[in-house]
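Hi,

Here's the structure I promised to pass on.

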Amino acid sequence: MAAATAMLDEIHEDLPVQPNDTNAYTLGRVGNHNVVLACLPSGQHGTTSATAVAIQLLSSFCSVRFGLMVGIGGGIPSSDADIRLGDIVVSQPCGTHGGVVQYDFGKALHGGQFQRMGTLNRPPQVLLTALARLQAKHRLNGSKVSPYIRDMIAKYPQMQQEYLPVHLFDELYAVGHHGVITRAARMINGPAIHYGLIASGNQVIKDGLMRDRLRQDFGAYCVEMEAAGLMNHYPCILIRGISDYADSHKNNTWQGYAAAAAAAYAKELLEVVPVSQVAQTKKAQNVLSTWGMLSNLYVPILNV
């Protein structure tokens with residue numbers, strides 16, 4: 001929440017919300033877009049908590065068209081995906097998957113087999129078009145993620161210690177089930193951006209073997225805990241900064257920088273989304289009108 005707020009071009013005054021809305025919001029502007037920021041309650045994680053936050057947000061802000069799920073995740077390095085701490089993974093459709101796969105939803109079968117079921121929706125077309133546009137800009141001119149992080153630190157110097165580790169980009173190894181994997185230093189001075197599948201579920205993964213199975217089964221680049229609860233009901237895209245390798249060495253050291261990198265990418269993405277296209281996109285409440293009987297406590301609208 002702090003990193004996303006620091007990336008705003010302008011912070012707006014608070015507005016009234018629905019009586020049953022317990023979220024805490026920050027309102028502001030990125031480029032020509034007005035945005036509302038919300039985060040999970042302290043200490044609460046998982047798909048259910050993410051869904052509850054989104055439902056309440058959309059009950060109070062009913063003009064929202066789409067959402068960006070911005071945060072941290074565990075990287076899944078492999079021989080063909082040089083994913084490192086501080087990198088960014090963005091959910092992008094691949095094969096039969098819409099960008100996010102729920103790895104823990106399915107049937108337990110005889111003999112310890114697990115049959116995964118169902119698929120999750122693709123991001124809305126306006127965001128997929130913006131992804132293509134931003135990828136093209138990056139090939140021509142590079143990413144603005146590092147400059148945006150430097151601007152954040154200049155504006156909020158107190159964030160430097162937590163959000164800009166002194167050992168940045170000195171991490172040259174990842175721990176896999178075959179032990180430590182040593183990797184050569186990169187030529188780029190900043191985070192790499194990876195587009196592909198993100199594995200989502202309700203458990204924290206600190207096991208290199210299970211992490212590697214997600215790569216083998218799905219080709220996933222990243223694992224996280226919230227997206228699976230929203231993708232089929234809420235038009236959004238997932239942006240995750242890599243803060244660990246989802247193994248036994250998992251710690252909090254890189255969480256600040258990873259959060260800032262994801263927030264900086266989200267800012268870049270919004271800057272290439274034309275306002276005219278947003279105006280032509282259906283409101284999220286229209287996509288979620290079928291949630292009307294979900295609860296008498298919430299208005300059936302999800303806006304971000």
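Before the details, a word on what I call a pair: two strands count as paired if DSSP finds at least two bridges between them. Also keep in mind that this is a predicted model.

Ile 88 has Gly 241 as its bridge partner in S14. What is the bridge partner of Ile 88 in S11? That one is Ile 193. Strand S5 (residues 88-91) and S11 run parallel and are joined by four bridges.

Now the whole sheet: it's open, has seven strands with mixed pairing, and the order is S6-S12-S13-S4-S14-S5-S11. At the edges you'll find strand S6 (100-102) and strand S11 (193-196); each has a single partner strand, so one side of each is left without a neighbour in the sheet. Neighbouring strands here are turned by 35° against each other on average, ignoring direction.

Back to S14: nine of its nine residues are buried, so the strand is largely enclosed by the rest of the structure. Asp 247 counts as buried because its relative accessibility is 3%, and the cut-off for buried is under 20%. Its side chain makes a polar contact of 3.5 Å with the side chain of Arg 211.

Cheers

Terms used:
Residues are numbered from 1 along each chain as its sequence is written. This is a predicted model: local features need pLDDT of at least 70, side-chain atom pairs count only at pLDDT 80 or more; totals for chains, interfaces and linings use all residues. Side-chain values use heavy atoms; hydrogens and water are left out. Helices (H or I, at least four residues) and strands (E, at least two) are DSSP runs, numbered from the N terminus. Axes are lines fitted to C-alpha atoms, for helices over the stretch in contact, and angles run from 0 to 180 degrees between N-to-C directions. Buried means under 20% relative accessible area, exposed over 50%, partly exposed in between (1.4 Å probe, protein chains only). A polar contact is a pair of N or O atoms within 3.5 Å; within protein, one must be able to donate a hydrogen and the other to accept it, and residues adjacent in sequence count only if both atoms are side-chain atoms.
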